[in-house]
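My entries follow in the order of looking.

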Amino acid sequence: MSVQRSHAAAERSADSAPGAGSGRRPGKEELAAAAGATIPDILAPGLDILFCGINPGLYSGWSGYHFARPGNRFWPALHLAGLTPRRLRPEEQHLLPQWGLGVTNLAARATARADEVDTVELREG
């Protein structure tokens with residue numbers, strides 16, 4: 001699946017993304033502006049597990065990272081399941097392939113709710 005980065009995400013590197021370890025949270029306007037943003041897939045040859053979400057949420061669209069909203073259970077669950085040696089932060093998503101893990105989405109664009117993704121997008125995914 002080919003995924004394009006949003007214009008905003010393309011202009012910043014992973015290390016300079018707004019939420020990259022800064023602890024800063026977006027305002028309502030920033031979240032609204034993240035609608036339609038995309039996040040690159042985390043893929044590599046020979047993955048053991050590929051996690052597939054429906055589509056990124058606005059917080060992820062804003063930050064440029066999968067499962068980025070504070071309190072999201074994805075990152076703690078990976079560690080508790082023994083899939084990673086420690087709990088990763090969303091900005092460390094690039095490390096996943098070293099443990100045979102990857103992330104993608106059925107639909108690429110960020111929305112406030114999964115029900116905003118239309119049937120055509122889901123079929124294409």
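I began with strand S2 (residues 101–105), which is mostly covered, with five of its five residues buried. Buried here means under 20% relative accessible area, exposed over 50%, and partly exposed in between (1.4 Å probe, protein chains only). Helices (H or I, at least four residues) and strands (E, at least two) are DSSP runs, numbered from the N terminus.

I noted that this is a predicted model, in which local features need pLDDT of at least 70, side-chain atom pairs count only at pLDDT 80 or more, and totals for chains, interfaces and linings use all residues. Residues are numbered from 1 along each chain as its sequence is written, and side-chain values use heavy atoms, with hydrogens and water left out.

In a regular strand the side chains alternate between the two faces of the sheet. I checked both faces of S2 and found them covered: Leu-101, Val-103 and Asn-105 are buried on one side, Gly-102 and Thr-104 on the other.

I then looked up the pairing (at least two DSSP bridges between two strands). S1 (residues 49–53) and S2 run parallel and are joined by five bridges. Gly-53 has Asn-105 as its bridge partner in S2.

Next I took the aromatic rings. Rings of Phe, Tyr and Trp (its six-membered ring) pair if their centres lie within 6.5 Å; planes under 30 degrees apart are stacked, over 60 edge-to-face, the rest tilted. I count four aromatic pairs by this rule. Tyr-59 and Trp-62 are edge-to-face, at 5.5 Å centre to centre and 70° between the planes. They are about one helical turn apart because they lie three residues apart in helix H3 (residues 58–63). Tyr-59 and Trp-62 are both buried.

Phe-74 and Trp-75 also pair edge-to-face, at 4.9 Å and 85°.
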